[in-house]
Amino acid sequence: MSQLKYDDPSDYSNRELSWILFNKRVLSEAKDKNNPLFERLKFLSITSSNLDEFFMVRVASLKDMVNAGYTKTDIAGMTPAEQLVALNKVTHELVEEQYGVYKSLVSKLLSNGLRIIEKHEKLTEKEAAYVDKYYEENVYPVLTPMAVDSSRPFPLIRNKTLNIGALVKKKNGEGDLEFATVQVPGVLSRIVEIPSDNKKKTVILLEEIIERNIQKLFLNYDIVCAYPFRIMRNADLSIEEDEAEDLLKEIEKQLKRRQWGQAIRLEVEEGIDERLLNIIEEELHIAQEDIYRIDGPLDLTFLMKMYGLNGFDHLKESAYAKPQPIPAFLPECDIFEVIKDSDRLLFHPYETFSPVVEFVRQAARDKDVLAIKQTLYRVSGNSPIIAALAQAAENGKQVSVLVELKARFDEENNIVWAKMLEKAGCHVIYGLVGLKTHSKITLVVRREEDGIRRYVHLGTGNYNDATAKLYTDIGLLTCAPSIGEDATAVFNMLSGYSEPLGWNKLSIAPLWLKDRFLFLIGREKENALAGRRGHIIAKVNSLCDRDVIEALYEAGAAGVKIELIIRGICCLKTGLPGIGNNITVRSIVGNFLEHSRIFYFENDGKPEYYCASADWMPRNLERRVEIMFPVDKPKLQKKLRAILDMQLKDTVKAHILKADGTYEKVDKRGKGFYNSQLEFCHMAQEAARKHEHFVNSRVFIPETHHE
Amino acid sequence: MAVKTFAAIDVGSYELAMKIFEVSRVRGMNEIDHIRHSIDMGTETYGTGKLSYERVDELCRVLREFSAIMKSYQVKDYKAYGTSAIRESQNRSILLDQIEQRTGIVIDVLNNSEQRFLDYKSIAFQGEGFQKIIENGTAILDIGGGSIQISLFDNDTLVSTQNMKLGVLRLQERLNHVDASISHYDTLIEEIMESQMNVYKKLYLKDREIKNIIVVDDYISALVNKKGDGGAIKRFAGKDTVEHFVEICRTKSLSELARTLDMPEDRMSLLYISMIMLHTIMNSMGAELIWAPGVTLCDGIAYEYAEKNHIITSSHDFEKDIIACAQNISKRYRGSRKRSETLEKIALTIFDSMKRVHGLGKRERLLLQISTILHDCGKYISLANLGECSYNIIMATEIIGLSHLEREIVANVVKYNHLDFDYYETGGDLSFLDEETYLKVAKLTALLRIANGLDRSHKQKFKNVKISLKEEKLIITVDTDKDITLEKGLFGARADFFKEVYNISPVIRQKRMQ
């Protein structure tokens, strides 16, 4: 038995670089010829919006640290400056790869009947006439051209917007070259369809139309050249909270001294006039290495809109079934009876989210329900859950809702809902000071004949009926008194009251959850050391908490078999000396976004299963309110184990983390094709079909005693 | 459906707590919610005599929230009790009225013995576990912020209870003055405790053997009752466990301690003090086991409610405790057991035969009984000032289970058994009582005087009396062949007051034994 310590930075990976690898895995889906063409567009679009967010949050945060003179090293021993250097190299590579994929997709689209006119110069006469007319009627009225000269300062270029910069010269030939710019309006669709005679569809991007007509904006000038450009600013002051709190304060202090919204990335079209580039570069104080010269249209997120074009359904994914009805929840069933009958485990998006919506809806109408309490993190527009909560308050139920305003990029959305709920008479808590409430829990207090009964829904995903069709998540519906008691205590704590004297079943972050994980991992280690079998299977989105990783290393070194299914960031390395193959990591990037967090601990033959709202990240374990709940009914445990086992069997969408830090798809030799997400669909369909058969059958089926 | 929802609110000196219960005859008491809010009212009240405006605002805000929570559970009844922080506030009435106006919640104030009795009740309602543990020598250690209460059991009856000003908050404050570092707390606390415990041991414990200590508090209980894996609770801890905890407390810093025990750090200092206190007391008594049922005042409030409404009953006889306590006090002051018994018998016989006339109930009968037991305790100090001295002894001695007012009744009945009655209207010693209580004192005094008169010679000549009520006469038939001239002669003066109160003349008839 080795007694190695795993506290050297070289035993860990940098989280940003690991994230880039994740985005590359998404990109590999865009490359994958086995995916339908339009799905590949979607994956490419996702890599682009992912990268934008990464810049605004992570890169911006690193730049802040560098500017603040912060030199503390990360988990992998890298200073912020070192990280930026390393990132710069890989992000440039990533962008290049993106556009390589884009090019190949464009030609495939052409052969599949969709022509993208990449340069306005390539328009036919007829098309050009249409485009110019479109410009006159739709585009011109919303444009605001801005020229720069001695009397007019350099205009504010907005974060993430697409702009066309131009060099212009007075018509009379006097004076120097001047800079002019116009923003490509966000209110218009970036993709403009051009009517065509044949069956093929033809589209052009809005910026090309503007570029073609830019002369009309600057009538007194000659246009020397015009090129699109786009900047990313460090606009949001909410620095990523993963670093220590005192650091945050320090950075905020530094920030105040600095000008607002430093530009951190500049994207320009390849071949841009160097004189034009120099002006932009200088005015925005952007460093050379932060300039991305792009061979193709800037900002690929328009591909998501492209995906929505009519007439290409045959090029979209159809193998995955839509969310299936769950046999236990018949239409118009009494949801409380169903839960009372037995705990229910829901597996979205393969199984429908509607029981959860229905749970809140029925609670709102049910005369015996006294109170509904819920935490909301991200909700969909026009959410039926919000409507039901408002309804409940109007029906005189006591409704308490914690709306997390700090959910990133959703702030505005959430304020609107929160105000609406308040108007309806709900008690709304707008988050907790210093903590994000990331837990997903609903409590319904119902007065029944034999007293109060509490119904609880706990989940790994948000109460968002839209994303529940795209994200894989687990939900538990139960009325077990021990969990009901804990749920009540959770809401008491969220309302600002003291912590309960103890917990029955739930583990709550930031106070207890991390210790609980360390205990559970440590117990496996002890078992392995004592010669018993130790086995952990964990499925999370990210793993970058140092203490957890160290505990896993130690358990692995002690002989515990650790199988990790980690979609995104993973700072743990595989194949370390003394651990070898005891720890394996696989990442599944597929049609649905893997989002559920499931944990299995062997516990010397008495296996324990948990699900949680938290990842193994410091921010989840230390600065958020999160909940982990056990699943202890054998039938439900079986279902969870099946889910984990199927993901471990995946040969189509799984990538394996190798000892050199790279990811590689599973070697299919001798294993055949096994796409776990597809199998989950089949499983849910099968269950629904069996039930349908039962309902439609004319043969009576006697009920026999079970359990 | 006989499930009632009840809310118990404890306005404590460092915490506002509310428990919501479902109470039903079939399923007993079932706690469904426990809400706590930390608010330090004690420090302000103890220090300045009043609560600050900000504190009152906070108090009212939380009480309004409590009120909303009650509404959400459709709570039918509630009871809110304030303890020492409210009790010791100089402008208590104004404060309570203000709270009622602003929150709609009426707070009643508990005095020490009432509060301890509620704690005791909540322990006794733990049922079998309790009955079993008190089969062996047992003490209850009730640790509060301002004082601690030690109550002793003899067989299965509670016989004595003593209050000591050694509450955890108070000790902490005292230690702050000493300016001792936290690592010296243990020796200092032990010193303070031991001196008091030695006196206690000599006077009260004597040779009683105490094996078990029942702990009522917020800190040790929280620790002992920590839910283990899967929500299992131990509640019991042996001497070694306590010593183990003390050792942890001694050797770790407060923040380490908080981590080790998984409890909030701000509770650690008080836990530490409580732990050392418990350890010292365990050592001094030679106890081997502690039982921390984890009850709080809220539980006591709920049991009181459930008992009053005949929803649940306890198997423990609380009246027996009260009587035993009184007998114990009488014994301490060398009261005559024989004479008390005679007196008790006569007085209760008269009481029972006059139910229709005096209209008093079971509880007053108990008070009369206690009065007969304690009727002569003052003579231990002064034969001449028997009345005053008895009054003072009774008022200075806590009897768990009797409210302060009830103790006042007993003390006055005993006092006016010996002294001339002070009428309400003349502004004497009784004028601070409310009228109802005053009348109870008068009625019970009249009864005790008669009984006392019948045993003037203290020779228990009137062991067998028969009492009958005939029109305006109370016929007392004595079955004795002894000479009762003395009694008959002195009876007149005692009978006057009786006649005045009841408009009935007591008459003695002697039936000579054949």
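How many residues does the contact take from chain A and from chain B?

## Contact between chains A and B

In this predicted model, the contact takes 19 residues from chain A and 21 residues from chain B. On the side of chain A that touches chain B, three elements are listed as giving two or more residues: strand β11 (369-376), strand β16 (451-459) and helix α13 (481-494). Of these, α13(A) gives the most, with three residues.

Sorted by class, this side of chain A has eight polar, seven nonpolar and four charged residues.

## Domains of chain A

Chain A is divided into domain 1 (35-315), domain 2 (335-505) and domain 3 (509-674). The centres of domain 1 and domain 3 of chain A, taken over C-alpha atoms, are separated by 39 Å.

## Helices α2 and α3 of chain A

Helix α2 of chain A covers residues 37-67 and helix α3 of chain A covers residues 80-111. Their axes come within 11 Å and cross at roughly 165°. Angles over 145 degrees count as roughly antiparallel, so α2(A) and α3(A) are roughly antiparallel to each other. The crossing in which α2(A) passes α3(A) is left-handed.

Residues of α2(A) that meet α3(A) include A:Leu37, A:Leu41, A:Leu44, A:Val59, A:Leu62 and A:Val66. Among those on the α3(A) side are A:Pro80, A:Leu84, A:Leu87, A:Val101, A:Tyr102 and A:Leu109. By class, the contact of α2(A) with α3(A) has 15 nonpolar, four polar and three charged residues. A:Arg40 and A:Lys63 in α2(A) and A:Lys108 in α3(A) also belong to this contact.

Terms used
Residues numbered from 1 in each chain as written. Chains lettered and ligands numbered in written order. Predicted model: local features only at pLDDT ≥ 70, side-chain atom pairs only at ≥ 80, totals over all residues. Domains from an automatic or database assignment. Contact = placed C-beta atoms within 7 Å. Helix = DSSP H or I, 4+ residues; strand = E, 2+ residues; numbered from the N terminus. Nonpolar A, V, L, I, M, F, W, Y, C, P; charged D, E, K, R; others polar. Axes fitted to C-alpha atoms, helices over the stretch in contact; angles between N-to-C directions. Parallel < 35°, antiparallel > 145°, perpendicular 65-115°, else oblique. Left-handed = near helix turned anticlockwise from the far one by under 90°.
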